[in-house]
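These are my notebook entries on a structure that I looked up for the first time. I record each item in turn.

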Amino acid sequence: MELEKQVRQLPMLPLKNVVLFPQLLLPLNVGRARSLAAVEEALRAEEQEIVLVAQRDASIEDPSQDDLYTIGTRAIIRRVAKRESHTEVFVYGVERVVLIKLETDRGFPAARFHPLPLPEDSGPEVEALHRAVTELTSQAIQLSRQQTTMDLERLLSSTEDPLHLVYLVASMLGLDLPKAQALLEAPTRLDALRLMHTYLSYEVQVLELRNKIATEARSEMSKEQREYLLRQQLRAIQQELGEKGSDQDEVALLREQLEKADLPEEVKKEAERELKRLEKLPSASPDYHVIRTYLEYVLELPWKVFSEDTLDIANARRILDEDHYNLKDVKQRILEHLAVLKLNPKAKAPILCFAGPPGVGKTSLGQSIARAIGRKFERMSVGGLHDEAELRGHRRTYIGAMPGRLIQSLRRAGAANPVIMLDEVDKLGRDYRGDPAAALLEILDPEQNNKFRDNYLDLPFDLSKVLFIATANSLETIPRPLLDRMEILRLSGYSEEEKVAIARRYLIPRQLKQTGLDPAAVRFEDATLSALITGYTREAGLRRLEQNIGSIARKVALKVAEGSGEAFTVRREDLLDLLGPEPFHLEEMRRSLQPGVAAGLAWTETGGDVLYIEATLLPDGKGLTLTGQLGEVMQESARAAQSYIWSHAANFGIDTKKFRECGVHIHVPAGAVPKDGPSAGITTAVALTSLYTGCTARGDTAMTGEITLTGMVLPIGGLKEKVLAARRAGMRRVVVPRANMKDLRDLPEHVRQELEFIPVERVEQVIGAVIPALSNRMAQAA
């Protein structure tokens with residue numbers, strides 16, 4: 001009768017994998033609809049009581065009474081917090097209860113139950129087990145090395161009730177469900193303490209063994225072992241969460257890609273061999289990631305993928321003419337290659353080298369070529385490259401090994417026949433890591449590159465269909481074997497008229513578009529462009545010119561934005577306000593020359609220039625003094641010129657006493673600028689002849705050519721730039737070696753018409769053409 005009076009009914013919450021002990025708090029995540037309804041029903045009552053009973057099988061979503069343990073806990077709901085996907089409920093255990101019947105007809109589970117009082121037995125055995133459990137708990141806390149060790153020990157020592165201690169320790173140990181339920185159902189304190197003593201003894205043994213293993217293995221455990229443990233834990237977590245991404249999935253994906261890929265037989269055989277190795281390796285193995293990365297590279301390379309060439313020669317010509325002004329030889333060579341491909345699709349690609357000063361359009365020309373023939377374009381800068389492995393790749397035995405830049409470019413291009421530009425090939429380095437130029441010998445050799453082997457891949461890749469275009473500012477620094485493998489196409493500087501045309505056709509529209517100006521509202525006069533070219537730039541190319549045009553466009557854009565006007569004409573007199581004073585002054589033709597002065601021509605990286613050589617006698621002096629930062633070659637040319645004039649003094653009517661009694665000082669103005677090269681030889685000879693004879697040289701004549709001790713005039717380079725410089729300076733006559741007359745075809749027609757070219761083979765011809773007073777004397781002597 002007394003039990004029947006104590007029978008009550010409350011909403012019930014079934015628990016998964018957890019037990020609530022009396023006198024303890026427990027946070028719960030409630031997500032099931034019926035469980036949420038039970039919580040809401042409990043919250044309606046003033047006491048907010050609820051019964052919590054553990055499920056025997058956590059996988060059952062709607063448990064019946066047979067699926068629940070018989071003994072549970074009556075609890076009070078202390079706090080509820082609703083989240084997006086669940087509700088957090090904090091409950092406090094009050095007492096044990098015995099489940100009599102589960103009611104489910106009200107939309108939520110309700111339990112009919114009666115209380116199960118906590119056991120009150122005591123005695124020496126209970127006291128002994130109480131102390132033993134306290135000791136073991138303290139040991140377990142120390143072995144677990146938790147940061148809150150002192151607080152936990154203080155909490156345990158203050159717990160006088162043995163049963164409360166058992167419940168507290170059970171919640172700390174995280175016991176599995178059957179063990180925790182056994183503690184809750186223990187009929188006496190002695191039984192509960194015995195169970196806890198057994199659990200704790202086992203836990204202490206495990207902790208001691210774990211610490212022993214960790215201590216012994218800590219010094220030996222490598223990075224790979226730690227990664228293995230972490231990966232095993234990650235795999236267990238992924239499997240528990242039902243997530244994919246196992247190693248077998250990766251291997252299966254690689255095998256599927258390998259079966260679909262169109263690979264050469266040798267490559268496919270090697271890839272399958274590596275894939276079989278990968279299948280046998282654990283993911284924690286270092287070789288696993290090396291092989292996986294290797295296979296990904298092999299599968300992503302375009303072994304048999306080719307972009308279709310656009311063999312429409314008329315269209316290619318139109319594209320090249322749209323993008324670049326003049327450059328007839330280069331365009332002709334590209335069109336010739338297209339014609340060959342049209343007749344013979346299996347023809348090997350040429351290996352071109354564009355040589356010329358900066359800013360003449362070498363790189364942009366490569367992009368236009370790729371667009372004209374419908375191929376992908378990849379630029380690879382090799383300037384300053386020291387490590388051969390940057391081109392050939394690193395062997396897979398090294399940590400962090402990767403393919404070379406060439407293979408990476410092909411991977412990005414996605415085709416086996418792109419246009420690859422090797423930029424700044426004349427600036428390759430060389431040190432203890434190897435010689436990149438030697439690696440390029442194989443890459444740029446049509447007889448070898450059809451089976452190029454990258455050190456990383458170690459598989460033959462056919463580069464014979466790749467159109468390689470190298471660029472260089474100077475050919476002198478390129479090793480001869482490498483130079484022999486390339487077809488040299490020279491891009492010399494532009495004349496003033498060509499620069500004006502290029503500025504109007506390309507530079508001005510591009511800069512106006514970038515600044516958002518209406519092309520019809522901004523006009524540059526021809527005189528303005530000429531002044532920009534001669535006074536604000538000194539270059540063979542166009543970079544500085546475009547920068548100055550861009551600067552003017554931005555200043556005009558500022559005026560338009562401020563509302564100062566809509567249409568502007570940029571005049572020559574406006575340049576001083578827009579760009580400041582002219583930084584460059586051309587060496588203009590000297591109207592009259594003094595004895596000992598002659599006009600020569602020099603080649604620089606920024607184009608040609610007029611170079612006046614001045615000589616003066618030093619009475620009672622000795623030897624030859626040279627100033628003006630002259631290089632060794634130029635100094636040797638000056639000595640050779642003096643020796644020739646001295647040895648043929650009688651032919652020129654020179655008293656040899658002047659050579660013995662007077663020294664000579666030769667100076668080349670612009671002393672801050674280094675100068676070198678043999679092409680000033682005939683200019684020095686004319687200056688010395690003029691000095692010793694007292695006859696002046698013609699001021700409208702410039703000259704260039706190398707001299708020998710026997711009086712021969714040898715050919716020189718950079719003739720186009722030198723002739724253009726002479727024309728800019730106002731010269732009307734140019735003396736050139738006869739062997740260089742064939743190079744005049746590179747000059748624009750109007751330049752050839754304006755200037756008189758005098759071909760020479762010997763120094764006497766030069767002196768006769770440049771010093772009129774000696775012309776008749778030499779003729780009479782002859």
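Entry on charge. I counted Lys and Arg as positive and Asp and Glu as negative, leaving out His and the chain ends. The model I used is a predicted one. On that count I found 103 positive and 113 negative side chains in the protein chain. I noted that the centres of the two sets lie 6 Å apart.

Entry on overall form. I looked up the secondary structure and found 30 helices and 24 strands in the protein chain. Along the principal axes, I recorded a C-alpha trace spanning about 155 × 65 × 65 Å.

Entry on contacts and surface. I took the contacts between residues at least 6 apart in sequence and found that 72% of them join residues at least 24 apart. Buried residues make up 47% of the 782 residues. I noted an accessible surface of about 39900 Å², with 49% of this area belonging to carbon and sulfur atoms.

Entry on cysteines. How many disulfides does the structure hold? I found zero. For cysteine 662, I looked up the closest cysteine sulfur, which is in cysteine 695; the two sulfurs are 17 Å apart, too far for a bond, since a disulfide requires sulfur atoms within 2.5 Å. Is cysteine 662 buried or exposed? I recorded cysteine 662 as buried, with a relative accessible area of 17%. Cysteine 353 also counts as buried, at 0% relative accessibility.

Definitions and conventions: Residues numbered from 1 in each chain as written. Predicted model: local features only at pLDDT ≥ 70, side-chain atom pairs only at ≥ 80, totals over all residues. Heavy atoms only, no water. Helix = DSSP H or I, 4+ residues; strand = E, 2+ residues; numbered from the N terminus. Buried < 20%, exposed > 50% of the residue type's maximum accessible area, 1.4 Å probe, protein only. Contact = heavy atoms within 4.5 Å. Areas by Shrake-Rupley, 256 points an atom, 1.4 Å probe, with all protein chains shown as cover. Charge placed at Lys NZ, Arg CZ, Asp CG, Glu CD.
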